[in-house]
Amino acid sequence: MEVKDREGSDENMKVTVQMLKSRTGQFDLESILFLKLRNIGITNLGCIGDCVNVERLDLSGNDISNLAPLTSLKVLIVLNLSANRISNLDPLCSCENLQNLNLSGNLISSVDSLRSLSELKNLEVIRLKDTVCNFSNPVCMNTAYHSAMLEIFPKIKSLDGERLSGRGSDLYQLCKKMEDSLKEMCSIGPIGKISAPKKWVEDNYWELKPIQKTQSDEAVEKFYNILKECRELNNKAADVIEKSERTLSSGK
């Protein structure tokens with residue numbers, strides 16, 4: 001008979017000191033900096049608040065609805081709460097150092113329930129829907145969702161994976177516009193007959209044409225011709241002088 005994992009079979013899974021120690025290998029909960037408790041059926045966060053120095057916490061894929069035990073996590077930077085049963089976010093206001101928050105796949109129904117997070121001055125990345133995992137929230141169905149989020153969080157750099165500011169935001173917007181344009185073209189229906197491509201330039205554009213000389217060009221050419229003649233005369237004069245000197249020296 002197969003023996004199931006006790007943690008996975010407990011209908012009311014609660015985070016305990018023993019669970020935290022066994023999963024992290026730490027004897028002191030305050031020494032835990034990274035904690036991953038995903039997909040183990042957690043319903044009660046229990047003593048997780050004792051991990052006061054945790055910086056990255058993954059609680060995705062559980063059955064969590066009450067976030068009150070997270071209020072003591074003052075240094076928490078990254079928090080993944082995707083695929084849970086969360087509707088109230090007020091306890092997260094105490095996580096003053098939070099920068100990255102994933103809430104996709106929960107029960108958040110209105111933008112107003114997110115306003116409490118506006119107090120988090122360091123919050124830069126928020127995700128309420130994930131198209132890859134097909135996670136979302138009821139609030140994402142609101143047509144004014146995107147603009148309302150930008151109004152509440154004017155300084156965020158990324159919303160639902162979309163870069164809003166910082167490096168890569170312009171490229172992201174460009175790619176998004178191209179993708180939207182392609183979708184619009186595909187929705188129109190079959191494309192009619194495509195006309196033949198037009199020539200960019202005339203056929204004789206790349207042919208080398210004779211260059212017409214200007215007056216300045218002619219003057220420069222005459223100058224170089226005269227200079228060339230002077231050099232030739234100078235060389236002849238030098239030869240004559242050299243021959244004369246040889247003749248004089250031989251007659252002595």
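Predicted model: local features only at pLDDT ≥ 70, side-chain atom pairs only at ≥ 80, totals over all residues.
A polar contact is a pair of N or O atoms within 3.5 Å; within protein, one must be able to donate a hydrogen and the other to accept it, and residues adjacent in sequence count only if both atoms are side-chain atoms. Residues are numbered from 1 along each chain as its sequence is written, and side-chain values use heavy atoms, with hydrogens and water left out.

**Overall fold**

- The chain has five helices and nine strands. Both are DSSP runs numbered from the N terminus: helices are H or I with at least four residues, strands are E with at least two.
- Starting at the N terminus, the order of elements is α-β-α-β-β-β-β-β-β-α-β-β-α-α.
- The chain has 252 residues, and 28% of them count as buried. Buried means under 20% relative accessible area, exposed means over 50%, and partly exposed lies in between (1.4 Å probe, protein chains only).

**The sheet**

- Seven strands make an open sheet with mixed pairing, ordered β2-β4-β5-β6-β7-β8-β9. Its edges are β2 (34-36) and β9 (162-163), each of which pairs on one side only.
- Two strands pair if DSSP finds at least two bridges between them. Strands of a sheet pair through backbone hydrogen bonds, either parallel or antiparallel.
- Strands β4 (residues 56-58) and β5 (residues 78-80) run parallel and are joined by three bridges. D58 has N80 in β5 as its bridge partner.

**Around S60**

- S60 sits in the loop between β4 and β5.
- S60 is buried, because its relative accessible area is 2%.

**Salt bridges**

- The whole structure holds four salt bridges. The criterion is a side-chain nitrogen of Lys or Arg within 4 Å of a carboxyl oxygen of Asp or Glu.
- R85 and D63 form one of them, at 3.6 Å from N to O. R85 is in the loop between β5 and β6 (100-102) and D63 in the loop between β4 and β5, so the pair ties together parts 22 residues apart in sequence. R85 is partly exposed at 42% relative accessibility, and D63 is partly exposed at 33%.
- E124 and K157 also meet in a salt bridge, at 3.8 Å from N to O. E124 is in the loop between β6 and β7 (125-127) and K157 in the loop between α3 (145-152) and β8 (158-159), so this pair ties together parts that are 33 residues apart in sequence. E124 is partly exposed at 30% relative accessibility, as is K157 at 33%.
- R115 pairs with D112, with the closest N and O atoms 2.8 Å apart. R115 is partly exposed at 42% relative accessibility, whereas D112 is exposed at 54%.

**Cysteines**

- The disulfide count is zero. The rule asks for a pair of cysteine sulfur atoms within 2.5 Å.
- C133 is partly exposed, with a relative accessible area of 41%.

**Helix features and surface**

- S22 belongs to helix α2 (residues 17-24). A polar atom of the S22 side chain lies 2.9 Å from the backbone oxygen of M19. S22 is partly exposed at 48% relative accessible area.
- V220, F223 and Y224 make up a nonpolar surface patch with about 330 Å² of accessible area together. Y224 is in helix α5 (residues 215-251).
- Patches are made of residues with over 30% relative accessible area and no salt bridge; like charges are joined within 9 Å, and nonpolar side chains (Val, Leu, Ile, Met, Phe, Trp, Tyr) within 5 Å. Accessible areas come from the Shrake-Rupley method with a 1.4 Å probe, and for residues only the protein chains shown count as cover.

**Positive phi**

- N39 is not a glycine, yet its phi is positive at about 55°. N39 lies in the loop between β2 and β3 (42-44) and is exposed, with a relative accessible area of 53%.
- N134, another residue other than glycine, has a positive phi near 60°. N134 is in the loop between β7 and α3 and counts as exposed at 69% relative accessibility.
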